[in-house]
Amino acid sequence: IMTALAGAERIFEIMDTPDEIDEGTLDVEVSQIKGNIEFKDIQFGYVPDEPVLKGMNLSVKKGQRIAIVGATGSGKTTVVNLLTRFYELDGGKIYVDDMDITELPKKTLRDSIAIVLQDTVLFADTIRANIRYGNPDATDEQIMEALKLVSADFVIGKMDKGLDSEVGEGGDNLSTGEKQLLSFARAILADPRILVLDEATASVDTLTEKAIQDAIDIVIKGRTSFVIAHRLSTVVDADVILVVSDGKITERGTHKELMKKKGSYYALYTRQFE
């Protein structure tokens with residue numbers, strides 16, 4: 001009875017959750033999104049009176065690679081959660097191509113963004129179905145082309161049924177690195193205008209990290225991208241590196257510029273490579 005009650009509580013909590021409101025009225029297609037992004041005086045906290053972001057300002061040009069680094073809990077991933085409207089702002093505005101994201105239909109906004117997470121989400125289905133998730137109309141040729149681009153076609157070669165091979169629940173039939181490479185293929189097949197890599201190399205070995213780093217360079221080409229990372233080796237080539245601390249951007253610049261400053265980024269980098 002106690003187990004059933006605990007389960008019922010969680011079910012009713014979901015049933016009682018208010019539906020998401022989509023007040024977006026702008027008639028904009030995903031193909032029209034270019035990828036210019038602006039955060040203006042962003043205020044946000046997951047819990048009232050406990051702000052995570054405190055007046056953040058950020059301007060990103062189409063095609064730029066932006067790296068976000070900082071300690072755990074500093075607000076790195078929160079930036080992405082707000083851009084995708086998984087949470088609503090407490091204050092400030094976010095603009096995509098000079099359009100307030102609250103005026104963009106959520107489907108248009110979210111279809112223009114692809115996210116690759118540290119923990120890859122794969123469904124108990126075939127490789128084909130998992131990669132085609134973001135682009136249901138993709139052909140087998142397009143799927144294979146995406147796999148080759150990120151050097152993941154070897155995964156198909158080792159499976160008995162090729163694209164029809166089952167990956168297992170959560171991708172149990174694959175290694176961590178293989179799952180991550182498939183998630184990059186899925187992202188590139190979706191052809192997003194904005195790409196988010198959230199700790200995408202955190203749970204792989206150094207050799208696999210090199211393969212994934214090569215995949216990242218291909219996937220982000222021509223796209224506005226946010227790279228959130230603890231491993232600073234993955235961010236040194238970014239156009240702009242942002243150091244987030246206590247809900248604010250405390251440093252910004254290229255790798256060389258920040259190393260010359262000998263501030264927070266310099267301390268993080270030297271500590272990691274001592």
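Author: Axes here are lines fitted to C-alpha atoms, for helices over the stretch in contact, and angles run from 0 to 180 degrees between N-to-C directions. This is a predicted model, in which local features need pLDDT of at least 70 and side-chain atom pairs count only at pLDDT 80 or more, while totals for chains, interfaces and linings use all residues. Residues are numbered from 1 along each chain as its sequence is written, and side-chain values use heavy atoms, with hydrogens and water left out.

Reader: How far apart are the axes of helix α5 and helix α7 where they pack?

Author: Helices (H or I, at least four residues) and strands (E, at least two) are DSSP runs, numbered from the N terminus. Helix α5 covers residues 140-149 and helix α7 covers residues 176-190, and the two pack at an angle of about 125°. On the α5 side the contact (heavy atoms within 4.5 Å) is made by Gln-142, Ile-143, Ala-146, Leu-147 and Leu-149, and on the α7 side by Leu-182, Ala-185, Ile-188 and Leu-189. Between the two axes the distance is 8 Å.

Reader: Which strands stand at the edges of the open sheet of six strands?

Author: This sheet has mixed pairing, and its strands follow the order β6-β7-β8-β3-β9-β10. Two of these have a single partner strand each, so one side of each is left without a neighbour, and they are β6 (113-117) and β10.

Reader: Which residue of β8 is the bridge partner of Ile-194?

Author: Strand β7 (residues 194-198) runs parallel to β8, and five bridges join the two. The bridge partner of Ile-194 in β8 is Thr-224.

Reader: Is Thr-224 buried or exposed?

Author: Thr-224 is found in strand β8, which covers residues 224-228. Leaving out residues up to four places away in sequence, Thr-224 touches several others, among them Gly-35, Val-60, Lys-61, Arg-193 and Leu-195. Lys-61 is 163 residues away in sequence, yet the C-alpha atoms of Lys-61 and Thr-224 are 7.3 Å apart in space. With a relative accessible area of 0%, against a cut-off of under 20% for buried, over 50% for exposed and partly exposed in between (1.4 Å probe, protein chains only), Thr-224 is buried.

Reader: Which residue takes a positive phi in the hairpin of β9 and β10?

Author: Strand β9 (residues 240-245) and strand β10 (residues 248-253) run antiparallel and are joined by five bridges, with Ile-241 standing opposite Gly-253 in β10. Two residues lie between the strands of this hairpin, and the positive phi, near 55°, belongs to Asp-246.

Definitions and conventions
Two strands pair if DSSP finds at least two bridges between them.
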